[in-house]
Amino acid sequence: MDNPYVALLFSFSFAIIFSLVFVNLSRIFGQSRPESEKLDTYECGAPPIGNARTRISVKFYMVAILFILFDIEAVFVYPWAVSLRSFVAKGMGTFVFVEMLIFLGMLFLGWLYVLKRGALKWD
Amino acid sequence: MANEAVFTLEPGALSSLAPMSIVLATAFLVLLWDVIAKPRDRGILLGFSIAGLALAAIVSLILWSHADPVSHTIFSGRLAIDRFSLFFNLVFSVVATLVLMISRDYLIREQIDVGEYYALIMFSVFGMMLLAAAADLLMLFIGVEAMSIPVYVLVAFNRSRIRCIEGALKYFILGAFATAFLLYGIALLYGQTGTTSLADIHTFLEGSSGSHVLVPVGIALMIVGFGFKIGSVPFHMWTPDAYEGAATPVTAIMATGVKAAAFAAIIRAFLAFSPSLVMFRVVLWVIVALTVVVGNIAAIRQLNLKRMLAYSSIAHSGYMLAALLAIEPIWGPQTSNAMSSLLYYLLAYLFMNIGAFGVIVVVGSRENEAVDVRDWAGLGFKYPWLGAAMALFMLSLGGLPPTAGFFAKFYLFSAVVHAGYTPLIILAVLMSAASFFYYLRVVVYMYMQPSEGACTPTVSPLAAVAIGVSALATLWLGIAPSALFPFLEWAQRSVAVLL
Amino acid sequence: MTVQSVLSVAAILFSLGLYCVLTRKNAVSVLMGVELILNAANLNFVAFSSFTGTIGAPEVAGRVFAVMIIVLAAAEAAVALAIILAIFRRMGTVEVDNLNELRE
């Protein structure tokens, strides 16, 4: 396990196996009623062929901006995950762990606000 | 791992974060209370916010009395919970409480009384407290953003008025621009010194021979960034538009809390840069002179009270910036004097501005915002208390004894004169004499014009208390200025210990 | 690669951003200019942090700064876009030249 790339290998294998398993699970157990709409190229609800410079409904804006905000907060979790072990070695593991819980808790409160305010309702 | 993180958790570090944590927790509580419990009367949210601010102020006072070492940095020197930041915590709590009290009527009148307003004010107060405690350029940057982003939203809060969102866009673009400059400057300083800690930068600059080319460029860019934030000439273009466009209580917090927090950060940063500041004396001199002249001259033309106060706040930024000229390369009595007079000036400036904006809020109505001074004709006779309060704030802003404004100017100008900038101060005194022209115009309209004013003030008890407190503070600071000086000295000395 | 070359790229980015902010009429383009300046500063931080530390142990403050800038720039952009959207709804345009309600 000295090679640092072993972890990467694990990560890739997990991704491949996970996706293969779930795609095939839905093929085996799911019902399949193909129709022309469903078999069309998937393009997030927009017609796949035509001018790409059309105006997009403003409803997408809310979802997109909230996605960006919550997505980008994840950037703080990576350095935390990398350095957690060195803090544990110094006996500060609990403190650093609780710090991350507080951070995630604040994100959760933000999400709760978004949900209760109805920002994610489509209509 | 090769790179061990250098991080220590000092004993008592978490409890000294209490004022900020309380404010932040109140913000979240107010935000969620509004969407989950949906109270019909938002007065309870106002109560919560003020209770949170009061608690933060009390905790700050306790920390002040327990602050055994004068300077106390936590999280490996990232934040300084010293008497300087505790002093500012108290200031921000008082400012935000007064602003919330004058906001209530305005929000109901404009039908924008939603919980987010109170939460955003609290979030921005959190940013201000962080900014005043920043002992590291990283914390300074986070504080600036945590303070500014809620204020951008607050300026745009009254979305139904086109002026509001226009002012918000202008404020945002120039604010973000300023932050970008600030950051670029910080990056260059970091590149040369290899650290973002203000204390370490101070040590580096003390030991350096002055051949580091990135340091002056970095400091210059930071001056531009700060210059935008406090609205000093030539970086002031956004100020009148943003002040006029924003809802009046929001203008009040922009002119007071935001500016005070920016000055707190400037004081910390400039004291850290003090060994290298000599080469910026000329630049600062020019900025101060321009700010004082342009602010006062442009204000003379304004009949719109909010624009007039915007230019007046530019002029006051100029006076306060002058105190930075007195900073010596090595901390001495001259620097110490200048810094306490700057803190005193800030305090006086806060109360008279909040009071003035408070009177503007209660004089206006939904149909007529009453920002045109001509609408104020005869107000002094119809509403004697309101008229007297506004007259007091105007005279104090102009600097007439025995108000706070006079002593603030007196202490600050004499500190700068002692540093050898007599011509600049002569200019500033001349300009503040000229400023009476536009401050007195308000008084003249209120008392010496026939009573035909179109405005119909409605003074609620809450707003009356806020205006009364501001008026009393303006008077008290003017009558007994020496009572406050020991506190200011402790506050500024704690910054010096940090270096 | 030297630190100078990275700094030059950052300086060019900074100038482009400045040019964009000063000349563009569209509010969204102005916002993009501001983002360019922010990212120029970001590039400086990462460069300084890589070149001042030793190999394998970079000076970590610059990287922390970079992460913070990325996140706060996103928060700023979200607020800016909301303001621009409000303006578009009211005026049907986002050209900054058309914003002239607030005048002397």
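**Exercise 1.** Classify B:C164 and C:C20 as buried or exposed.

*Solution.* The model is predicted. Start with B:C164: its relative accessible area is 2%. The cut-off for buried is under 20%, so B:C164 is buried. Next take C:C20, with a relative accessible area of 14%. That value also falls under 20%, so C:C20 is buried.

**Exercise 2.** Describe the extent of the contact between chain B and chain C.

*Solution.* Count residues: chain B brings 47 and chain C brings 47. Then take the area: about 4000 Å² is buried between the two chains. Carbon and sulfur atoms give 75% of that area. B:L169, B:Y184 and B:Y190 supply 17% of the area that chain B buries against chain C, more than any other three residues.

**Exercise 3.** Which helices of chain B supply at least two residues each to the side that touches chain C?

*Solution.* List them: helix 5 (137-155), helix 6 (162-193), helix 8 (214-230), helix 9 (238-245) and helix 12 (305-322). Helix 6 gives the most, with 22 residues. Sort this side of chain B by class: 28 residues are nonpolar, 9 are polar and 10 are charged.

**Exercise 4.** How many salt bridges and polar contacts link chain B and chain C?

*Solution.* The salt bridge count is 0. For polar contact, the rule finds 4 residue pairs across the interface, both residues at pLDDT 80 or more.

Notes
Residues are numbered from 1 along each chain as its sequence is written. Chains are lettered from A and ligands numbered from 1 in the order in which they are written. This is a predicted model: local features need pLDDT of at least 70, side-chain atom pairs count only at pLDDT 80 or more; totals for chains, interfaces and linings use all residues. Side-chain values use heavy atoms; hydrogens and water are left out. Contact means heavy atoms within 4.5 Å. Buried area is the accessible area (1.4 Å probe) that two parts lose on being put together, summed over both. A salt bridge is a side-chain nitrogen of Lys or Arg within 4 Å of a carboxyl oxygen of Asp or Glu. A polar contact is a pair of N or O atoms within 3.5 Å; within protein, one must be able to donate a hydrogen and the other to accept it, and residues adjacent in sequence count only if both atoms are side-chain atoms. Helices (H or I, at least four residues) and strands (E, at least two) are DSSP runs, numbered from the N terminus. Ala, Val, Leu, Ile, Met, Phe, Trp, Tyr, Cys and Pro count as nonpolar, Asp, Glu, Lys and Arg as charged, and the others, Gly among them, as polar. Buried means under 20% relative accessible area, exposed over 50%, partly exposed in between (1.4 Å probe, protein chains only).
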